[in-house]
Amino acid sequence: MLSDLRNKKVIVTGSSAGIGLAVAQLFASLGATVAITSRRPPKDLDNLLSQMEQAGGKAAYYCADLSKESECRKLVNDFVDEHGGLDILINNVGGLVGRKQLPEIDEKFLEAVFNLNVASAQYMTKYALPYLINSAKQENWTSSVINVGSFAAYMGGGPGASLYAASKGWLHTITKSWAIAYAKDGVRCNLVSPGTVDTDFHADKDQATREAINKTIPLGRFGTAKEMAPAFAFLASHQAAGYITGQIINVNGGQYMP
């Protein structure tokens, strides 16, 4: 069912670790050409790229600060110049930046959170769109933008995470707007909304906090990055999801059921 992802050209932003890396590795195993991106090269970069090649795909690394419009434009252009096109964009880059309550939030912090989580997706999609529309002109294929939201978008975020939650809420909404606007061009726009996933994002939580969170999850545990990845492959595949756009897939162990 996912065989149509072979030889497709994919950018996964923020993909040197965690969910992004798991997604990139899955696409490579399905035969895709995948861009890994981060602001700083990971220490084991050569090994990561080699493993993805051995899995059956192609992989390339791009160092970029995607909170800046100019670097979003450069990343897209460099990837297309090197690989000849773009079929799938996954806007995964994002983060908490820090935990601050309302009285502590200043202009600098607000801009940092929104540039990382909002502007990065806005500008990556802006510059990818012409290539995605061109990809969709292929017979029996729709190209894809897949954004990464969060359980926090529904619940408002944990202590000091209001701006992070709000930025993810923006992604949940803008995905629907893009889906309506670009369906006529053959570009499908969907979102994967992870729950509590055992990545560096939650590395600051002690065992007691983790156990308390587990009690709020019907499946009783944090998810893993690898458990998030198949939802992205499903949404990207025209064979599997060619009639799906403007949707949110919640992968959260039952922690939130809309």
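In strand β6, R188 is the bridge partner of S144. This is a predicted model, with residues numbered from 1 along each chain as its sequence is written. Local features need pLDDT of at least 70 and side-chain atom pairs pLDDT 80 or more, totals for chains, interfaces and linings use all residues, and side-chain values rest on heavy atoms, without hydrogens and water. Helices (H or I, at least four residues) and strands (E, at least two) are DSSP runs, numbered from the N terminus.

β6 has neighbours to pair with, pairing being at least two DSSP bridges between two strands. With β5 it runs parallel over 6 bridges, and 4 bridges join β6 to β7, also in parallel. In β7, N250 is the bridge partner of S193. As for cover, 8 of the 8 residues of β6 are buried, meaning under 20% relative accessible area with a 1.4 Å probe, protein chains only. V187, C189, L191 and S193 point one way, while R188, N190, V192 and P194 point the other.

Finally, helix α3 (residues 69-83) and α4 have axes that come within 9 Å and cross at roughly 35°; axes are lines fitted to C-alpha atoms over the stretch in contact, with angles from 0 to 180 degrees between N-to-C directions.

Definitions and conventions: Buried < 20%, exposed > 50% of the residue type's maximum accessible area, 1.4 Å probe, protein only.
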